Amino acid sequence: MANKKGKDKGPGSSTIAQNKKARFEYHIDETFEAGLALSGWEVKSLRAGKAQLTDTYILVKNGEAWLLGSHIMPLNTASTHEVADPTRTRKLLLHRKEIARIFSRTQDKGHTCVPLKLYWKGSRVKCALALVTGKKLHDKRATEKDRDWERQKGRVMREQNRG
C-alpha cells in the first residue's frame with residue numbers, strides 16, 4: 001500500500017508530529033528545513049511518537065533560532081538519571097543566511113515563523129519551518145469550504161466507481 005507523501009502516519013513513517021493548525025491559521029509564504037539539537041531521552045520519545053507541535057513558534061535571538069512551546073513527553077524508561085523538561089526551549093540548526101532571512105521577515109508586521117512538522121531524515125530529526133502571514137476570517141472560511149468540497153467530490157467519485 002503506497003502512502004501519499006507527507007500523509008503517512010504509522011509504523012515506518014517519517015512524520016513524527018504535525019502542526020495541523022498552522023495550515024488553517026496562516027498563509028505559508030516560504031519553507032525551511034532545520035535540524036534540532038536534542039538530548040538522548042528526547043530522541044527516544046520521538047521514536048515512540050510522543051511529540052506535539054500545537055501552539056509552537058520560532059524565536060530568533062542573538063543570531064540563533066529557537067523552538068518554543070513544543071512538547072516532547074518523556075518516557076518512563078528513558079530518562080532515569082536526568083530531570084526531563086518536556087517543554088524546554090530547543091535550538092534549531094540552520095545556516096546563518098536562513099536565520100537572517102527568518103529574522104528580517106518576522107520583523108515585518110503580520111509575519112511570523114511556525115513549525116509545520118517534525119520528521120525523520122535518515123537517523124536525524126528535522127523540523128519543517130514556514131514563514132507565514134495570518135489569515136483573515138473570510139480566508140479561513142474559504143479554506144474550510146474548499147476542504148468540504150474536496151471531501152464531497154471524493155465521495156461522489158467513489159460512488160460513481162462502485163456503481
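Contact, as the word is used here, means that heavy atoms lie within 4.5 Å. The structure is a predicted model, and its largest nonpolar core has 25 residues.

**The nonpolar cores**

- Leu46 is among the residues with the most contacts inside the largest core, a group that also includes Ile16, Leu92, Leu94, Ile102, Leu118 and Leu129.
- At least two residues of this core come from each of several helices and strands, among them helix H2 (40-47), helix H3 (96-106), strand S1 (15-18), strand S8 (111-121) and strand S9 (124-134).
- The element that gives the most to this core is S9, which supplies four residues.

**Thr133 in strand S9**

- Thr133 has its place in strand S9, and this residue counts as buried because its relative accessible area is 18%, whereas the cut-off for buried is under 20%.
- Not counting residues up to four places away in sequence, Thr133 touches Tyr26, His27, Asp29, Gly110 and His111.

**Aromatic rings and charges**

- The structure holds zero aromatic pairs, but Arg47 does lie over the face of Trp120, at 4.2 Å from the ring centre.

Notes. Residues are numbered from 1 along each chain as its sequence is written. This is a predicted model: local features need pLDDT of at least 70, side-chain atom pairs count only at pLDDT 80 or more; totals for chains, interfaces and linings use all residues. Side-chain values use heavy atoms; hydrogens and water are left out. A nonpolar core is a set of buried Ala, Val, Leu, Ile, Met, Phe, Trp, Tyr and Cys residues joined through side-chain atoms within 4.5 Å. Buried means under 20% relative accessible area, exposed over 50%, partly exposed in between (1.4 Å probe, protein chains only). Rings of Phe, Tyr and Trp (its six-membered ring) pair if their centres lie within 6.5 Å; planes under 30 degrees apart count as stacked, over 60 as edge-to-face and the rest as tilted. A charge sits over a ring if NZ of Lys or CZ of Arg is within 6 Å of the ring centre and within 35 degrees of the ring normal.
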